[in-house]
Amino acid sequence: MNENLKNVQAETVQSEESHGGEYILEVEHLKKYFPLKKSLTGKVQVYVHAVEDVSFKLKRGSVLGIVGESGCGKTTMGRTLLKLYDITDGKVYFNGEDITHYSKSQMRKLRPQLQVIFQDPYSSLSPRMTVGEIIGEAVLQHKIVPKNEIRDYVVKVMESCGLRPYYYNRYPHEFSGGQRQRICIARAVALNPQLIVCDEPVSALDVSVQAQIINLLKNLQEQHGLSYIFISHDLSVVKHISNEVGVMYLGSMVEKGPTDKIFDEPLHPYTKALLSAVPVPDPRSKMNRIILKGDIPSPANPPSGCKFHTRCDHCMEICKTVSPEFIERGEGHFVACHLYDEEQKDIEKEQG
Amino acid sequence: MEDPKKTAGEIFEAEAENIEAVTPVNEPKAEAEAISAESGTAEEEIVSFAGEGDLEDNVKVISPIRLVMKRFFRSKLSVAGLVMLIVLFLFAFLGPLFSPYGETQATGDFKWVQSVVEHKITVEEDGEFVTYTFYEVSDAYKVYSKTPPSSKHWLGTDQYGYDVFTRLMYGGRVSLLLGFIVVFAEMLLGTMIGAFSGYFGKWVDQVIMRIVDIFNCLPSLPILMLASSMLETWGVPAESKIYALMGILTIFGWSGTARLVRGQILSLREQEFMLAAEATGISTARKVFKHLIPNVLPLLIVQATLGLGSVILYESTLSYLGLGVPFPYAAWGTMIGATSGAAGRDILENYPNLWVPAGICIILAVLAFNFVGDGLRDAFDPKAKR
Amino acid sequence: MKFIDKIKEKFFKKDEHSLSVRDERLIARNNRRAMKEFEKKKNRKNVPEEEYLSQMKDENNIVEFEGLKTYFFTDVGTVKAVDGVTFSIPKKSIVGVVGESGCGKSITSLSLMRLVQAPQGQIVDGSIRFAAKDGKVYDIAKMPVSEVYKIRGKEIAMIFQEPMTSLNPVFTIGQQLDEVYELHFNDKDKKKAKEHSLEMLNLVGMAMPENVYKCYPHELSGGMRQRVMIAMALACDPRLVIADEPTTALDVTIQAQILELLKNLKERIDGSIMLITHDLGVIAEMADYVVVMYAGRVIEQGTAEEIFLNPLHPYTVGLQKSKPVVNKKVDKLYNIPGNVPNPVNLPDYCYFRERCDKCVKKCAGKYPETVWVSPTHCVACYRYAERH
């Protein structure tokens, strides 16, 4: 922990004792709505429910994988909990501190602790700055090393991320996607963060480079004791890197649990479908697919009840009206589905 | 907890070594040892060629600025524009050094003239009225005549005996310099206001954009004329009138730039690198000046070059109307302006050498700036396929 | 003075990694000459048909690439995007072309459509033989542009990666589909066109074709748009469909739908599909034959079983190992070190040898010849040169 954080901690009122400890990040009922339509008087009529009531806790030094399809709100969630977007409702605790209502300047001091790596390595690097400037800029801003040592420090970080020192004076456009992503990682790691939100860091990369980047992230994690929130649509990548996995659908978390549990014994029908849809590079395994009907509904107008009921094979009457609760069904294995309501099953049996 | 400043460097030093061993990306030589078990099938010895040629580095790069230059010089029209500009500049700024005449030095054909004024005074003398006639003869003075081109005066002289060719050079100085200063001031003002508006958004943006709207819907020519005649009534001296003119042109020109910059910044602000800057906690001033403005710069250069042409046109128009650069100073517009008024008809019909060259200069300058501007726009646009 | 030095450094940055002004000029001059020559050849009129008629090597193939070379003449040098590619697409099969970005897989397909970005991009050498419906065999690489229209769109259709940018946003789906029908069947009957369009939409599994017919592209989701693109490609009954990363922009669940659809359609049109993708999973799922490309060359090809169960080239092996798989657990992912080479100024030796962990002494030599390991399986690697 560096001095900046200490100052920040001193400034804020100590939060409840239940927060902090072994958890680096705790998110409680996080909500993020985007206004979509305004009436003439400027009152917002329609909201996009990008993130709807998401809660989780992240242990220090572990990786939480978030999977879901495009438009499920996983990226928005990542950015909201970093306060890059305003939080509509809910609470975010970082190291036990409630950062929900931190001001901009408070956040700025905290930023080095909380880093982010974006999906698109092309648009996330300013095209008119050299690699050295990009990586060193924030280091300078937060006075992580003295000004005269900045070059050496940046070069060290670059080497640790697999970049050659002579790249220092070159511009991003001269690099391939993989190298650019390394620059992005170097920019984040140079600030000595505790938590990095990786927002689809390998989706835009080639297969052989993907493996390099994943291994790099893993190594950095081990060396610095970093915690990651690893957002991806690629289940195989998430499985490889995460300790815990959360599955999101239309802004809500539908299932969350330890990685093995999720992949070996998925409970939610959506998780099952998602798993079966991943193509396996083996021509012999023409496996039985659960092919979902239709598209993801619009988050501006989500279906009533369980949001997944429009595409679910096991849809029951109750699913259309009552939204299921996020309940622990196994050890650390949470799921939001009526299929596992014992009472509901009984009712179904009686009827059937 | 130790001093974080020191540990940061140390961690990475240790790590750099570590990584090399694990992921042989940097120094693939380490890989020779890390042969996978499967390769045992081959009887032959495993050799490593890693790191010797580096195919990923075999492409030599061209710096962005040179790439832009290359694309610019590929277009014949923009090169023509550039050549025209250089010629005009040399003509205007170096030309006078070689001219034997000055800007306001009368050297044309003249006649010595004495004016004779007859005064008649009738005086009553002894009841009679006697008329005396006086002749008031002035000192001899020169009267210049307009002359057609000759070997001495390549473009002839005007009604004041000034050499037209020399005045064309001085006129170019005024027009070009004025253009540059005005455009620079416009860009500075427009960029500042536009960036401010685009970056802060919300009500700041609303207010500034409404002001821009107001400036855009003011009819600039009548207002310029009004301002100019006001300067005259306030008795602003001729030499400082040109500064006032610059100021007025700037005030009416910045709004276009502001709107352009604001639009550009609005779209840049949504780019991921701005989000990344926010996430790393970069200060607002740095975000604007280091991340946003440099990305708007190419567009500004194009806008400025195209703007130069229109400022020169404006200046000429005003000078033609007699509101711009005042006599005896030369400007291209003023020179064309000689065709107006009572004496103008004669000049218009009989002495094209007095006004046609100035017109050609204006056309050339504006065309050249437009060619160069278009060329730059294509050169800066990475998506432009040619 | 410092300022001038700074400018000098910026403009004429002179280290080993930047191009000198002299080389730059040389490249520009060569490029101009080459581009002019090829453009002239391409735009000839009234070329006798014999010049581009050809014979198939194997009657069962619909397309045969042989020694295809497509180069791009760029500012930094000649990019050999496709450099001597030879493979064929048998009738009624799905051929998967797999490789990383910049390996030339898309340029191969664009060469087949003759849609390579001119004048920088030119087919320099080689032939692409195509067995058309009328029984003739055309060499597309040698056809003048004015003749290519006979084949493009009518016999070969293409599905692109990004369905949003490939549909015109100001026309409805119906208008765009009708246009395809009117153009290719030369039929101006609006009613017939609409009937045909609706049939096509039905074919690609649109729930309510009548509604979709009236929609504008932005009103549809990504998966729906890709379906429309497929309907469009099928509207003129092609013999070969090129699908260039058809599912890359889509979600996994939607990808599953589209792949299923493509498979069914292959049966339906009784033609072939050339499937270009970087996703090994998709290839394994779909393809009968697989072509692996690397830096503009084919390094290995064979049936799907051969490639996935018995991969030979170290690159193919590495690719498969570096992809994490859902139903397998590994502690550390295998990774191929280094990066994909940029296909400019490539030397004459195996392009993979610097990243390869199975090099033998022979690898110091020239670019390896293609070795046929089985009648369908070939590989360009020295490790297999002797044994076969």
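A salt bridge here is a side-chain nitrogen of Lys or Arg within 4 Å of a carboxyl oxygen of Asp or Glu. By this rule the count comes to 28 salt bridges over all chains. This is a predicted model, in which local features need pLDDT of at least 70, side-chain atom pairs count only at pLDDT 80 or more, and totals for chains, interfaces and linings use all residues. Residues are numbered from 1 along each chain as its sequence is written, chains are lettered from A in the order in which they are written, and side-chain values use heavy atoms, with hydrogens and water left out.

**Salt bridges**

- In chain A, Glu244(A) and Lys256(A) pair through their side chains, at 3.5 Å from N to O. Glu244(A) belongs to strand 9 (residues 244-249) and Lys256(A) to strand 10 (residues 252-258), so the pair ties together parts that are 12 residues apart in sequence. Helices (H or I, at least four residues) and strands (E, at least two) are DSSP runs, numbered from the N terminus.
- Lys256(A) counts as buried at 7% relative accessibility, whereas Glu244(A) is partly exposed at 23%. Buried means under 20% relative accessible area, exposed means over 50%, and partly exposed lies in between (1.4 Å probe, protein chains only).
- Glu272(B) is buried, with 15% relative accessibility, and Arg79(A) is buried, with a relative accessible area of 11%.
- In chain C, Lys105(C) forms a salt bridge with Glu245(C), and the closest N and O atoms are 3.7 Å apart. Lys105(C) sits in helix 3 (residues 105-113) and Glu245(C) in the loop between strand 7 (240-244) and helix 9 (252-269), so the pair ties together parts that are 140 residues apart in sequence. Both Lys105(C) and Glu245(C) are buried.
- Lys57(C), Glu64(C), Glu66(C) and Arg129(C) are joined into one network by salt bridges that share partners.

**Second largest pocket**

- The second largest pocket holds about 1300 Å³ of space. Such a volume is the space filled by probe spheres set on grid points, which are joined across faces, edges and corners.
- A pocket is an open set of points on a 1 Å grid over the protein atoms alone, where a 1.4 Å probe fits, with protein on both sides within 12 Å along at least five of seven lines; lining residues have an atom within 4 Å of a point.
- The lining of the second largest pocket has 37 residues, and Leu84(A), Tyr85(A), Asp86(A), Lys104(A) and Glu278(B) lie nearest its centre.
- The elements that give two or more residues to this lining are strand 1 (23-38), strand 4 (89-94) and helix 3 (104-110) of chain A, together with helix 4 (164-200), helix 8 and helix 9 (284-320) of chain B.
- By class, the lining has 13 nonpolar, 9 polar and 15 charged residues. Ala, Val, Leu, Ile, Met, Phe, Trp, Tyr, Cys and Pro count as nonpolar, Asp, Glu, Lys and Arg as charged, and the others, Gly among them, as polar.

**Nonpolar surface patch**

- Ile86(B), Leu90(B), Leu94(B), Leu97(B) and Phe98(B) form a nonpolar patch on the surface, with about 550 Å² of accessible area together. Patch residues have over 30% relative accessible area and no salt bridge, and nonpolar side chains (Val, Leu, Ile, Met, Phe, Trp, Tyr) are joined within 5 Å. Areas come from the Shrake-Rupley method with a 1.4 Å probe, and for residues only the protein chains shown count as cover.
- Phe98(B) belongs to helix 3 (residues 76-98) of chain B and is exposed, with a relative accessible area of 70%.

**Positive phi in loops**

- Asn95(A), which is not a glycine, has a positive phi near 55°. Asn95(A) lies in the loop between strand 4 and strand 5 (97-98) of chain A and is buried, at 12% relative accessible area.
- Asp126(B), also not a glycine, has a positive phi of about 50°. Asp126(B) is found in the loop between strand 2 (116-125) and strand 3 (128-137) of chain B and is exposed, at 81%.

**Buried loop residues and distances**

- Pro238(C) lies in the loop between helix 8 (222-234) and strand 7 of chain C and is buried at 2% relative accessibility.
- Glu174(A) lies in the loop between helix 5 (150-160) and helix 6 (177-189) of chain A and is buried at 15%. From Glu174(A) to Pro302(A), 128 residues apart in sequence, the C-alpha distance is 43 Å.

How values were computed: Patches are made of residues with over 30% relative accessible area and no salt bridge: like charges are joined within 9 Å, nonpolar side chains (Val, Leu, Ile, Met, Phe, Trp, Tyr) within 5 Å.
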